[in-house]
Amino acid sequence: MVEITANPGETFLDRMIGLVESANRRKTPNEIALAMLLAAMTIIFMVAVVTLEPFALYARTTVTITVLIALLVCLIPTTIGGLLSAIGIAGIDRLLQRNVVALSGRAVEAAGDVDTLLLDKTGTITFGNRQASEFLPAPGVPTKRLVEAAALASLADETPEGRSIVALAERFGVKPDGEGLVAVPFSATTRMSGVDHNGRRIRKGAAESIARWTGRPLQPEVRERVDAIARSGGTPLLVAEDRNVLGTVHLKDIVKPGIRERFAELRRMGLRTVMITGDNPLTAAAIAAEAGVDDFLAEATPERKLALIREEQQGGRMVAMTGDGTNDAPALAQADVAVAMNSGTQEAKEAGNLIDLDSDPTKLIEIVEAGKQMLITRGALTTFSIANDVAKYFAIIPAIFVGSLPELGALNVMRLGSPHSAVLSAVIFNALIIVALIPLALRGVRYRAIGAAALLRRNLLVYGLGGIVAPFIGIKLIDLAVNALHLV
């Protein structure tokens, strides 16, 4: 069990800010890889340009500073560097189109790197409107007594489950009087709620929580019914009065249609899904098997959620989750991608780095897909940018040395008009290609749920080969125009 410790005088918001800052310091694998790649390319090309002067002296020719600067401008990763901002803005805009506000650009970046999705069962995997279907009294307890106690305990409960219990009780002819009612609200720690009414203490909640409250083990008949409901995928809700268990309320929960197929698609993307629920392990296992999630966390408390996220992160995985309550704030602050519901508490919004204006927990899947599309777009354009350099070498290097080393004329496969036009054409193309690629950076490369190997093959075929062929054609056309207009 993980405990959230605090210094004396430290407020809840201070602790949340500390967790958020700690999470934001974690760099995503793609951020690190891209930074290392761009740094390595820049250093390599700078070394290549600087060493050209000694080679030129050896070949008894001269290379002007203008040509060296032109070569450096063409070879360093200016294309992808110029497009990174457009790709990032487009990623944020795609989330805005889904009514999701990104509080930091890094949140969108991290969404594409997510390995583990933590999904609340209620409202995400199931419809979340569990309905009371039957009352099952304990041995020796009249049904009417159980129905009356369950209805009283639910009068102050505004959740769909609470309202459904009151509605079902009315079908039994029970309409409890709420005068003098003192509500005991639900707590994530106690995992039960209830009322104090005219000297009566009535509670309803999870089986283990009620058993702890009563201070005695459940009767075998009650335990058997609880397990049977849980195995069927329902939720057993125990009702107790003055520390005596009166019986069980059967709540039915329905898995959303098509959710199993969505999870299968996420699995093909390499994502691991974990269902978070307050249900007991038997119920959680039944729902998880029906929905097709990879794992589940039953009887979840704020501490257990936080411990699970830290365990995943210690294993080198990026974690995304949604939440809307104060109890979710520590886990949201720790998660790499934290989607807070607009209808949630201020603490949850402060801890999150994305806010869903529609308060739809299922949107977490779309957010991850938008992040993946942004990373795929950046990878494709990076491949295109690197491939571009091959053609620029063939344009500029022969032009520099063809006078002193005629043998290098064989590398002038584009048959450019003159050394000066070759350099000018390469520089013009280098500037135009950035402008030409902006629409693709904003629109994004089409996202498909395919494996990393298939994605790499597609990038190399389309953007790698295209990045080599396009400059040959573009530089040649610009060279023809430069010579036709007598610009050199």
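Hi everyone. A helix here is a DSSP run of H or I with at least four residues, numbered from the N terminus. One such run is H18, residues 452–484, and Val 462 sits in it. Keep in mind that what you see above is a predicted model.

Strand S12 covers residues 337–341, and four bridges join it to strand S11, residues 319–323, with the two running parallel.

Now the whole sheet. It is open, has seven strands and mixed pairing, and reads S1-S13-S12-S11-S2-S9-S10 in order. Which strands stand at the edges? They are S1 (100–102) and S10 (295–297); each has a single partner strand, so one side of each has no neighbour in the sheet. On average, neighbouring strands are turned by 20 degrees against each other, ignoring direction. Packed on this sheet is helix H16, residues 363–401, which touches S1, S2, S11, S12 and S13. The direction of H16 makes about 160 degrees with that of S2.

On to the nonpolar cores. The largest has 80 residues, and Val 337 shows up again among those with the most contacts inside it, alongside Leu 117, Ile 125, Phe 263, Leu 354, Leu 381 and Ile 396. Helix H16 gives the most to this core, with 17 residues. Take Ile 396: setting aside neighbours within four places in sequence, Ile 396 is in contact with Leu 71, Cys 74, Val 423 and Ala 426. There is also a second, separate core of 33 residues, including Met 192, Trp 213, Val 226 and Leu 251.

Last stop, a helix pair. How do H10 and H12 cross? The axes of H10 (residues 220–231) and H12 (residues 281–291) come within 7 Å and cross at roughly 20 degrees. Angles under 35 degrees count as roughly parallel, so H10 is roughly parallel to H12. The crossing is right-handed. On the H10 side, the contact is made by Asp 227, Ala 230 and Arg 231, and on the H12 side by Leu 282, Thr 283 and Ala 286.

Technical notes: Residues numbered from 1 in each chain as written. Predicted model: local features only at pLDDT ≥ 70, side-chain atom pairs only at ≥ 80, totals over all residues. Heavy atoms only, no water. Pairing = 2+ DSSP bridges. Axes fitted to C-alpha atoms, helices over the stretch in contact; angles between N-to-C directions. Contact = heavy atoms within 4.5 Å. Core = buried A, V, L, I, M, F, W, Y, C linked by side-chain atoms within 4.5 Å. Buried < 20%, exposed > 50% of the residue type's maximum accessible area, 1.4 Å probe, protein only. Parallel < 35°, antiparallel > 145°, perpendicular 65-115°, else oblique. Left-handed = near helix turned anticlockwise from the far one by under 90°.
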